[in-house]
Amino acid sequence: LLLSGAVSPVWSQEQATSLTVGQPIVREMRGGEQHSYQVKLNAGQHARVVVDQKGIDVVLALLGADGKPLHEVDNNLSGTRGMEVVSLVADAGDTYVFNVRPLEKGASVGRYEVRLEDLRTATQTDRTRVAAERSYFVAAQLQNERTADPRRKAIERYAEALRLMREAGDGRGEAMTLTNMGTLYNLLGEPQKAHEHLDQAL
């Protein structure tokens, strides 16, 4: 999913904790809480933040230094045990904030691990991966509308994401994209295309 709009003020907030490469943080979380982390980037640097969910489905939000949301992600395939990932390339030196909160406000207590996997000068592959992620989550937003026209538009955006993920060598992203495309083709009554994409995702 791609979630837009400002973060709701009902969530219990806290001062942001700095993330460091090689130093993952494991925490408990329950409904109504929000945990904040920050990463300082120089212009042209690439960062990749990963949240590994351990019994709770969370939303990972990226905010700029002004506190305005840039985008928020909740992967429709990850559930309570998968990963949420946000990659970015900084156009200018800045401090970026990553908020983690439960998808459901009444969620039972669970755990997650958050880690900064990369912090370095961006390569062209990094920029391609960032573009692929953005296209993927626009597609996921369209997919969530659950009607035929948005679903076909979602397939188009997933196809663009798939091309970019293959170019970037992102095997995990490629498999996720193919799975979603197969699901959409099945919902649109095109079983042959659905099987073709799901078979490629294996």
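Q: How many bridges join strand 5 to strand 8, and do they run parallel or antiparallel?

A: Strands of a sheet pair through backbone hydrogen bonds, in a parallel or an antiparallel manner. Here strand 5 (residues 45-54) and strand 8 run antiparallel and are joined by seven bridges; two strands pair if DSSP finds at least two bridges between them. Val-49 stands opposite Val-86 in strand 8. Strands (E, at least two residues) and helices (H or I, at least four) are DSSP runs numbered from the N terminus. The model is predicted: local features need pLDDT of at least 70 and side-chain atom pairs pLDDT 80 or more, while totals for chains, interfaces and linings use all residues. Residues are numbered from 1 along each chain as its sequence is written, and side-chain values use heavy atoms, without hydrogens and water.

Q: What is the order of the strands in the open sheet?

A: The four strands follow the order 3-10-5-8, with antiparallel pairing. Strand 3 (25-29) and strand 8 (83-89) each have a single partner strand, so one side of each lacks a neighbour in the sheet.

Q: At what angle do the axes of helix 2 and helix 3 cross?

A: Two packed helices are described by the angle and the distance between their axes. The axes of helix 2 (residues 148-168) and helix 3 (residues 171-187) cross at roughly 160° and come within 9 Å. Axes are lines fitted to C-alpha atoms, for helices over the stretch in contact (heavy atoms within 4.5 Å), and angles run from 0 to 180 degrees between N-to-C directions. The two helices are therefore roughly antiparallel (over 145 degrees).

How values were computed: Angles under 35 degrees count as roughly parallel, over 145 as roughly antiparallel, 65 to 115 as roughly perpendicular and the rest as oblique.
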